[in-house]
Amino acid sequence: MKKVALTGDRPTGNLHLGHLAGSLMNRVQLQDSFDQYVMLADVQALTDYFENPQKVKDNILEVAADYLAVGIDPELSTIFIQSQIPQLAELTVYFMNLVTVSRLERNPTVKTEIAQKEFGRSVPTGFLCYPISQAADITAFGTDVVPVGEDQLPMIELANEIVRKFNRLYQTDCLKESEALLGKTTRLVGIDGKAKASKSLNNAIFLNDPPEIIKQKVQAMYTDPDHIRISDPGKVDGNVVFAYLDAFYDNAEEISSLKQQYSNGGLGDTALKSLLNECLQKMLLPIREKRRFLRKKDILEICINGTRKAKSVAAGTLAAVKSALGINFFNEMPMQGENLY
Ligand code: TRP
């Protein structure tokens, strides 16, 4: 039996280089040896965009296209849509009993998000509870490994707490603990050097950005403001161009000698940026090309097939969970929801 990998993204916009470095590159690798699930987390996206559900809808197929474009292969990975699997919502309800409000309020990722969104004391319950729903996503598929960025570690920790508590309380082993698999770059900085690359901060290079935009964004990258003449010594730390070269340039030795040269003086930002631009253009061209040939109808079909498979697996876990709780009254079979498609 292959081990299971599962991860997901909120479909609120196209994916960018932060996703590529943090998780997508790992997923492309993992699919050869793992039974991999890749989830379009539209339910979770709605915790943010419940006032504008159209935005979530519009981005479902966009993100699915990004998956296919980077090389997530529907023959090897199960791509599915979270909202079409009601079993995940059901699991969430049973898990909610096992988590206190204060435990949720301590989640560092959620805490940061609450501050960013300026919710104050008016946090919607759905938002506060999204880590519980994420625990349902993870456990529903018997996940072993979750390939994610660093900000998702608290979610996996909570999922494992729920698993231990559930299994202990109801004397079962139907839920499984999982572990994170961090990408080579756990947190890619934005082009402004201020925070992590993100769509909402408008500081990311998107996988489907056209070549001129990529070039412009590389040119706009934050380097070392005190590095004025080529001969001046420059700072490597906090220099966005080096952060991106570290993440995406495949010759590490060359980069380390460039870093040396840059800090000694004698390497200009223009030359450095042109090296990065070339590297990114080369990497993103085939992704953009692949995307161009994807047809909406085929993407949708991939999502439907993946969702059908994911649903029957989640139904199996839900049946085991209900049986552990002693509420499988009518002996429902795992496949009961199957003919919804
Ligand atoms: N929280 C993740 C993000 O914002 C998306 C997500 C939802 C997820 N469910 C998941 C990631 C389960 C890993 C596993 O990117």
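1. The model is a predicted one, and the points below should be read with that in mind. The domain assignment divides the protein chain into domain 1, given as 4-189 + 296-332, and domain 2, given as 211-291. Their centres, taken over C-alpha atoms, are separated by 34 Å, and the contact between the two takes 16 residues from domain 1 and 12 residues from domain 2.

2. Within the range 4-189 of domain 1, strand S4 (residues 145-148) pairs with strand S5 (residues 179-182) in the parallel sense, and the pairing extends over 4 bridges. The chain passes from S4 through H9 to S5, forming a β-α-β crossover that is right-handed. For orientation in the viewer, valine 145 has glutamate 179 as its bridge partner in S5, while valine 148 stands opposite leucine 182 of that strand.

3. Strand S4 is covered on both faces, with Val145 and Pro147 buried on one side and Val146 and Val148 buried on the other.

4. Helix H14 (residues 296-325) has 30 residues, and the distance from its first C-alpha to its last is 42 Å, which is close to the 44 Å expected at 1.5 Å a residue. Just after this helix, glycine 326 adopts a positive phi of about 75°.

5. The buried residues of H14 include Ile299, Leu318 and Val321, but also Lys311 and Lys322, as well as Thr307 and Thr317. Among the elements that cover the buried residues of H14 are strand S2 (35-40) and strand S3 (77-81), together with helix H3 (53-70), helix H4 (86-96), helix H8 (130-140) and helix H9 (153-169).

6. Helix H11 (residues 240-248), whose residues fall within the 211-291 range of domain 2, is mostly covered, with 7 of its 9 residues buried. Those buried residues are Val240, Val241, Phe242, Tyr244, Leu245, Ala247 and Phe248, and they pack against helix H1 (17-30), helix H12 (252-264) and helix H13 (269-292).

7. The N-terminal end of H11 is capped by asparagine 239, a side-chain oxygen of which lies 3.1 Å from the backbone nitrogen of valine 241. Valine 241 is also one of the buried residues of this helix.

Conventions
Residues are numbered from 1 along each chain as its sequence is written. This is a predicted model: local features need pLDDT of at least 70, side-chain atom pairs count only at pLDDT 80 or more; totals for chains, interfaces and linings use all residues. Side-chain values use heavy atoms; hydrogens and water are left out. Buried means under 20% relative accessible area, exposed over 50%, partly exposed in between (1.4 Å probe, protein chains only). Helices (H or I, at least four residues) and strands (E, at least two) are DSSP runs, numbered from the N terminus. Contact means heavy atoms within 4.5 Å. A polar contact is a pair of N or O atoms within 3.5 Å; within protein, one must be able to donate a hydrogen and the other to accept it, and residues adjacent in sequence count only if both atoms are side-chain atoms. The expected span of a helix is 1.5 Å times one less than its number of residues. Two strands pair if DSSP finds at least two bridges between them. A crossover is right-handed if, with the strands pointing away from the viewer, the path from the first strand over the helix to the second runs clockwise. Domain bounds come from an automatic or database domain assignment.
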